[in-house]
Amino acid sequence: MTHSDLQSRLQAILDVPLNRHLGLVFEEATETAGGAVAHARFDVQAHHLAFGGLHGGVLYALMDAVSMLALLPTLAPAQHAVTHDLHASMMRTVAPGACCRLSAQVLRQGRTLAFIEATARVEGALVASARVTKSITVRTPPPA
């Protein structure tokens with residue numbers, strides 16, 4: 001995949017209306033010896049809250065999105081991936097106004113499945129983690 005194609009596909013993930021609404025900001029994606037890694041962040045705002053703290057569903061959605069951001073650089077141009085399974089654990093509450101930093105690392109990737117670990121941290125403290133399984137599929141172009 002060319003750099004231009006990768007940038008276009010990364011932007012498509014960020015342009016998903018839910019990701020835009022939740023304020024997902026992409027920081028970087030890198031390849032390491034341990035696998036592909038992506039970093040992103042969002043600031044906790046009033047529309048993210050339930051009962052005074054960050055709603056867990058916001059974290060589920062954004063840890064899934066950052067997992068896709070980590071996986072994209074490893075995919076061939078003709079490949080895409082969809083969420084097959086997601087298991088998330090919330091470990092502490094997150095207050096309004098906090099900057100939540102998200103990271104995801106591809107742990108293993110086969111021909112049809114990829115296994116990704118995602119974390120969410122506030123001021124360095126782990127607030128949530130997720131194990132995400134993505135099914136690797138044939139990419140279909142968006143409708144014209």
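Axes here are lines fitted to C-alpha atoms, for helices over the stretch in contact, and angles run from 0 to 180 degrees between N-to-C directions. The model is predicted, so local features need pLDDT of at least 70, side-chain atom pairs count only at pLDDT 80 or more, and totals for chains, interfaces and linings use all residues. Residues are numbered from 1 along each chain as its sequence is written, and side-chain values use heavy atoms, with hydrogens and water left out.

**Exercise 1. The overall build**

State how many helices and strands the protein has, and in which pattern they follow along the sequence.

Solution. Helices (H or I, at least four residues) and strands (E, at least two) are DSSP runs, numbered from the N terminus. By this rule the protein holds 3 helices and 8 strands, and reading along the sequence gives the pattern α-α-β-β-β-β-α-β-β-β-β. The radius of gyration (taken over C-alpha atoms, with a globule rule of 2.2 Å times the number of residues to the power 0.38) is 15 Å, close to the 15 Å that the rule gives for 144 residues, so the protein is as compact as a globular protein of that length. Along the principal axes, the C-alpha atoms fill a box of roughly 45 × 35 × 25 Å.

**Exercise 2. Two packed helices**

Describe how helix α1 and helix α3 pack, and which residues meet.

Solution. Two packed helices are described by the angle between their axes and the distance between the axes. For α1 (residues 3-14) and α3 (residues 56-71), the angle is about 175° and the axes are 10 Å apart. Angles under 35 degrees count as roughly parallel, over 145 as roughly antiparallel, 65 to 115 as roughly perpendicular and the rest as oblique; α1 and α3 are therefore roughly antiparallel to each other. In contact (heavy atoms within 4.5 Å) are L10, I13 and L14 of α1 with A65, M68 and L69 of α3. The residues of this contact divide into 6 nonpolar, no polar and no charged, where Ala, Val, Leu, Ile, Met, Phe, Trp, Tyr, Cys and Pro count as nonpolar, Asp, Glu, Lys and Arg as charged, and the others, Gly among them, as polar.

**Exercise 3. The sheet**

Give the strand order of the open sheet of 6 strands, and follow its pairings.

Solution. The order is β1-β2-β6-β7-β8-β5, with antiparallel pairing, and two strands pair if DSSP finds at least two bridges between them. β1 (25-32) and β5 (79-90) stand at the edges with a single partner strand each, so one side of each is left without a neighbour in the sheet. Neighbouring strands are turned by 20° against each other on average, direction ignored. β5 is joined to β8 (residues 125-138) by 11 bridges, and H87 has R131 as its bridge partner in β8. β6 (residues 99-109) and β7 (residues 113-122) pair over 9 bridges and form a hairpin with 3 residues between them; S103 has T119 as its bridge partner in β7. Finally, β7 and β8 pair over 10 bridges, and in their hairpin, with 2 residues between the strands, E123 takes a positive phi near 50°.
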